[in-house]
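Keep the picture open as you read.

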Amino acid sequence: MQISELSDRSGLTVQTIKFYIREELLPKGTASGATRAEYDEGHLERLRLIRALREVGDLPVAAIRRILAAVENDAVGMHDLFGTTQYAIGPHVTPPDDPHWRAARQDVDALIAELGWHVTDRAPARDLLAQTFVALRRLGFPVTLTDLRPYVHAAAEVAEHEIGRVTDGAPRSRTVHSMLVSTVLYEQVLTALHRLAQEDASARRFGTAEG
């Protein structure tokens, strides 16, 4: 296909596609003339992934380049590919020089160890959870394993479901795309369902929901 058709099918402008080619995020097409090139389904699949990383993941070009390099490197295992994508997405928290923060981070590390979860020390979510622990304690809410257990169980079940949907032998780019959607968009689904479930639980305990 020519670049105009690639633009139509990908939903990206010709100028954007040329930008991705210049940035070496997208391979050049096969020359079919002095000023023309042909593109294939591989280019379309790559553009869909780039678009998802940009629009859903809100990632800069440099981060996208790292993810695409991992996708193309078969020596990078699937777990490391997941990590490259997830760590690029973040969230990225800047740890303050604060004793409350350090105590919260130690509690997070102890929790992960107690759960037996295989998570690297540099996982961005460790710092996010520590930041949340600090906020809860400042508002007068203690953080205990008893309080956390329902959230731990729910998170583990969701994660097993998401990883279980990865098909052995599926294209690596499609796997990253699925990972991105699960991490960013389905987290919004989980938040929305949590709030709906809260309203339902409140209605069943305290009264009848209206509407």
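## Aromatic rings

How many aromatic pairs does the model hold? The count comes to 1 aromatic pair, where rings of Phe, Tyr and Trp (its six-membered ring) pair if their centres lie within 6.5 Å. The ring centres of Phe 19 and Tyr 20 are 5.7 Å apart and their planes make an angle of 50°, so this pair is tilted (planes under 30 degrees apart are stacked, over 60 edge-to-face, and the rest tilted). Tyr 20 is buried, at 5% relative accessible area, while Phe 19 is partly exposed at 29%. Here, buried means under 20% relative accessible area, exposed over 50%, and partly exposed in between, using a 1.4 Å probe and protein chains only.

## How to read the model

This is a predicted model, so local features need pLDDT of at least 70 and side-chain atom pairs count only at pLDDT 80 or more, while totals for chains, interfaces and linings use all residues. Residues are numbered from 1 along each chain as its sequence is written, and side-chain values use heavy atoms, with hydrogens and water left out.

## Salt bridges

Side chains of opposite charge can pair when their charged atoms come close. A salt bridge here is a side-chain nitrogen of Lys or Arg within 4 Å of a carboxyl oxygen of Asp or Glu, and the count comes to 15 salt bridges. Take Arg 9 as one example: its side chain meets that of Glu 5 in a salt bridge of 3.9 Å, N to O. Both residues lie in helix α1 (residues 3-10), 4 residues apart, or about one turn of the helix; helices (H or I, at least four residues) and strands (E, at least two) are DSSP runs, numbered from the N terminus. Arg 9 also forms a salt bridge with Glu 41, at 2.9 Å, N to O. Since Glu 41 lies in helix α3 (residues 41-55) and Arg 9 in helix α1, the pair ties together parts that are 32 residues apart in sequence. Arg 9 is partly exposed at 36% relative accessibility, and Glu 41 is partly exposed at 46%.

There's a network too: salt bridges link Arg 105, Asp 109, Asp 121, Arg 126 and Asp 127.

## Helices α6 and α7

Asp 107 and Arg 137 form a salt bridge, with their closest N and O atoms 2.6 Å apart. Asp 107 lies in helix α6 (residues 99-115) and Arg 137 in helix α7 (residues 124-138), so this pair ties together parts 30 residues apart in sequence.

How do the helices themselves cross? The axes of α6 and α7 come within 8 Å and cross at roughly 120° (axes are lines fitted to C-alpha atoms, for helices over the stretch in contact, with angles from 0 to 180 degrees between N-to-C directions). That makes α6 oblique to α7; angles under 35 degrees count as roughly parallel, over 145 as roughly antiparallel, 65 to 115 as roughly perpendicular, and the rest as oblique.

Most residues other than glycine have a negative phi, and most peptide bonds are trans. Glu 24, though not a glycine, has a positive phi of about 60°. The peptide bond from Gly 90 to Pro 91 is cis, with omega near 10°.
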